[in-house]
Amino acid sequence: MTYRVLFRKTPYEPKTRSGRPRVTDTRSDRRIQRMASSQKMSVREITGASQLLIFKNTAHRRIMESGYMFQAKMARRLPLSKLHISKRLQWARNHMS
């Protein structure tokens, strides 16, 4: 296979992508991901602020493509009681120095 590619008369060029072309380019993808990671914005707010004519599903897809951002619910915890708050403050004051 590699022999045919190396010694072919015409230069090797990969095939063009089939299917629908992307609405956003790599620069706008990075801008969307940056807006999602640095600010507390919803996907709808990002689509409005991105100055692109894209749907919110497209913006959400671009955020998910980054790989390191995902939505997770926080674990539910009971609030601290007044006694626990005072004990924590006392412990912090004792261990300040």
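Is Met74 buried or exposed? Select Met74 in the loop between H4 and H5. At 76% relative accessibility, Met74 counts as exposed; exposed means over 50% relative accessible area, buried means under 20%, and partly exposed lies in between, with a 1.4 Å probe and protein chains only. The C-alpha atoms of Met74 and Arg61 are 13 residues apart along the chain and separated by 22 Å.

The model on screen is predicted: local features need pLDDT of at least 70, side-chain atom pairs count only at pLDDT 80 or more, and totals for chains, interfaces and linings use all residues. Residues are numbered from 1 along each chain as its sequence is written, and side-chain values use heavy atoms, with hydrogens and water left out. The element names follow DSSP runs numbered from the N terminus, where helices are H or I runs of at least four residues and strands are E runs of at least two.

**Stop 1: helix H2**

Select residues 26-38, which form helix H2. This helix has 13 residues and reaches 18 Å from its first C-alpha to its last, close to the 18 Å expected at 1.5 Å a residue; the expected span is 1.5 Å times one less than the number of residues.

Now colour Ser28, Asp29, Ile32, Gln33, Met35 and Ala36, the buried residues of H2. Seen down the axis of H2, these buried residues fall within an arc of 160 degrees, so they line one face of the helix. The arc is that of the directions from the helix axis to the C-beta atoms. An α-helix has 3.6 residues a turn, so residues three or four places apart point the same way. On the other side of H2, look for Thr26, Arg27 and Ser38, which are exposed.

**Stop 2: where H2 meets H4**

Keep H2 and H4 in view. Their axes are 9 Å apart and they pack at an angle of about 85 degrees. That makes H2 roughly perpendicular to H4. Axes here are lines fitted to C-alpha atoms, for helices over the stretch in contact, and angles run from 0 to 180 degrees between N-to-C directions. Angles under 35 degrees count as roughly parallel, over 145 as roughly antiparallel, 65 to 115 as roughly perpendicular and the rest as oblique.

Which residues make the contact of H2 and H4? From H2 they are Asp29, Ile32, Gln33 and Ala36, and from H4 they are Ala59, Arg62, Ile63 and Glu65. Contact means heavy atoms within 4.5 Å. By class, the contact of H2 with H4 has four nonpolar, one polar and three charged residues. Ala, Val, Leu, Ile, Met, Phe, Trp, Tyr, Cys and Pro count as nonpolar, Asp, Glu, Lys and Arg as charged, and the others, Gly among them, as polar.

**Stop 3: helix H4 and Arg62**

In H4, select Thr58, Ala59, Arg62 and Ile63, which are buried. Viewed down the axis of H4, its buried residues fall within an arc of 140 degrees, so they line one face of the helix. What covers these buried residues includes H2 and H3.

Centre on Arg62, which lies in helix H4. Arg62 is buried, with a relative accessible area of 5%. Not counting residues up to four places away in sequence, Arg62 touches Arg22, Val23, Thr24, Asp29, Ile32 and Gln33. Just after H4, Gly67 takes a positive phi of about 90 degrees.

**Stop 4**

Go to Thr47 in helix H3. Thr47 is buried, with a relative accessible area of 13%. Leaving aside its neighbours within four places in sequence, Thr47 is in contact with Leu52, Ile54, Phe55, Lys56 and Ala59. Thr47 and Thr58 are eleven residues apart in sequence and 8.8 Å apart in space, C-alpha to C-alpha.

Then select Gln51, in the loop between H3 and H4. At 75% relative accessibility, Gln51 counts as exposed. Its phi is near 60 degrees, a positive value in a residue other than glycine. Most residues other than glycine have a negative phi, and most peptide bonds are trans.

**Stop 5**

Finish with residues 82-94, helix H5. H5 is hardly covered: the count of buried residues among its 13 residues is zero.

Met96 is found in the segment after H5. Met96 is exposed, with a relative accessible area of 68%.
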